[in-house]
Amino acid sequence: MAASLKTQLRIPADSRFLAMIQGHVRGVATIAGLAPKDILALELATEEAFLNIRDHAYPGGIPGDVIVSGEIGDGELRLDFHDQGLPFDPSLLSRADDPSGTRGSGGLGLKLIHHAADEVHWVNHGRQGKGLCLVKRLPLAAEPIPTGAPTEVPPAPAHTYAIRPMRPDEALRVTRIFWLAYGYSYKNDAFYRPEGLVRLVGTGQLVSYVAVTETGEVAAHAGLLRSEPVPMAEIAVLVVSPAHRGRGLMGALTTALIEKAREIGLFGLSFNPVTSHAYSQRQAMEFGARPCGLELAACPPQQFKAMGLDDVAPQRESYLHCFLYLNTPPAAVVHVPVRHRDIAGRIYAQFDRSLTLAPPGEGPAPGNYKVSFDRGPLKGSIRVVRADARQWPELLRAAVDLTDIAGAEVISLDLPLAQPATPLLCERAEAAGFFFAGIWPHGAPDGDMLRLMRLASPLDLERVRIHSEFGRELLRYVGAEMERAATVVISPCHVP
């Protein structure tokens with residue numbers, strides 16, 4: 001299939017910028033190979049679309065932007081005019097021959113738009129605004145768009161690699177490897193900024209290791225991430241330069257970090273390999289980590305360059321949460337909801353942990369919780385520090401606001417298993433559309449954590465790849481819970 005060429009221009013809905021948007025459309029149409037008369041018709045249609053947005057989407061001079069996107073594809077040119085102004089009902093434009101002749105009401109302006117294009121579509125995008133799409137079929141004589149295959153990254157020559165802590169002057173090279181491997185889709189923005197990476201190391205939140213060739217080239221990176229002051233860390237920030245893949249660098253870095261974790265007295269490590277492929281999961285389990293949870297739809301679709309995933313329609317990326325004990329696991333006393341006790345027991349059995357299942361009860365008042373929203377992955381988080389079932393109306397209000405106001409596409413609700421009110425909160429959350437996603441060992445300040453999730457965007461679990469048999473069992477359990485949650489109907493009167 002031929003590749004497409006895409007352009008985009010964002011300008012204020014101000015008449016002084018009309019010539020600029022017309023010039024953009026003229027340039028795109030010229031490159032697409034349209035005849036001068038067709039280009040002129042599109043310029044007139046652009047003027048009508050722009051002035052309609054100015055007058056009706058942002059009436060009275062309300063500030064706002066117009067985004068025009070052009071795409072030259074196989075045999076057609078698409079122009080999309082997008083705004084985030086007043087909502088509009090396209091059915092009001094049912095007749096292009098309205099004799100009123102008024103702009104935006106189906107008169108002369110609409111005739112000009114229909115005359116310029118072969119297809120005209122209006123699309124409502126909800127909170128994302130609305131758009132007008134014009135499709136113009138290209139002449140057969142137009143120059144075809146080149147079909148460029150993804151650029152292959154040639155393998156680097158054979159090297160001897162040293163595994164050691166990252167130096168501050170190497171941070172820029174590490175951030176460039178992240179771009180080569182992930183584009184700008186990686187979940188943590190700090191890893192694209194050298195100063196952000198150095199700051200994480202300087203504050204003790206990250207132990208950073210690199211694989212370096214004998215010529216000084218940084219070929220790979222991995223780290224121990226400690227966002228909370230607890231005696232455990234996450235094996236994270238793993239990336240290998242595409243030219244140096246397949247040489248065991250990730251395994252060598254992980255081995256070095258496990259030794260470093262023992263050296264500084266950590267008793268456990270968590271791994272969160274992606275579920276779009278099984279390689280990193282298999283590697284984590286070869287080091288002894290065991291699956292205990294699924295972080296579904298955790299971030300926007302990853303585009304792993306040079307890994308053959310570009311031909312798959314993207315969906316939000318999920319992670320398999322795994323844990324590795326570096327010492328004998330401590331005994332666990334947990335307040336697990338009755339309906340999840342069997343799967344919880346199977347999770348704990350992987351670690352040979354002594355487990356006592358405690359009954360539910362009211363927690364000390366008042367409860368305490370934290371709410372956060374990460375704008376990059378559109379992810380909301382509610383973390384209960386002190387469980388109090390009487391606070392559920394507040395927690396539900398926070399979840400609704402994260403979705404409806406902040407625009408979160410996924411919400412996690414973390415409950416402390418060491419506290420007796422957790423089963424009561426879990427029951428209320430599941431009645432509001434949350435579902436069991438697993439257990440995070442030592443994820444709470446006072447012990448283990450129960451994670452529940454609620455999704456606001458679709459997720460196809462058939463595309464989630466899990467390496468181990470127990471991991472697949474866990475996926476089936478979480479999938480069934482997700483289906484149950486999808487049937488829950490929340491009445492508006494139940495939202496505080």
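Some 42 residues line the largest pocket, and L225, S227, E234, K379 and R451 sit nearest its centre. A pocket here is an open set of points on a 1 Å grid over the protein atoms alone, with protein on both sides within 12 Å along at least five of seven lines, and a lining residue has an atom within 4 Å of a point. This is a predicted model, where local features need pLDDT of at least 70, side-chain atom pairs count only at pLDDT 80 or more, and totals for chains, interfaces and linings use all residues. Numbering runs from 1 along each chain as its sequence is written, and side-chain values use heavy atoms, with hydrogens and water left out.

The pocket has a volume of about 1,400 Å³, counted as the space filled by probe spheres set on grid points joined across faces, edges and corners. Its lining splits into 19 nonpolar, 11 polar and 12 charged residues (nonpolar: Ala, Val, Leu, Ile, Met, Phe, Trp, Tyr, Cys and Pro; charged: Asp, Glu, Lys and Arg; polar: the others, Gly among them).

Then there is helix α4 (residues 171-182), whose 12 residues reach 17 Å from first C-alpha to last, close to the 16 Å expected at 1.5 Å a residue (1.5 Å times one less than the number of residues; helices are DSSP runs of H or I, at least four residues, and strands are runs of E, at least two, numbered from the N terminus).

Technical notes: On a 1 Å grid over the protein atoms alone, a cavity is a set of points where a 1.4 Å probe fits but cannot get out, and a pocket is an open set with protein on both sides within 12 Å along at least five of seven lines; lining residues have an atom within 4 Å of a point.
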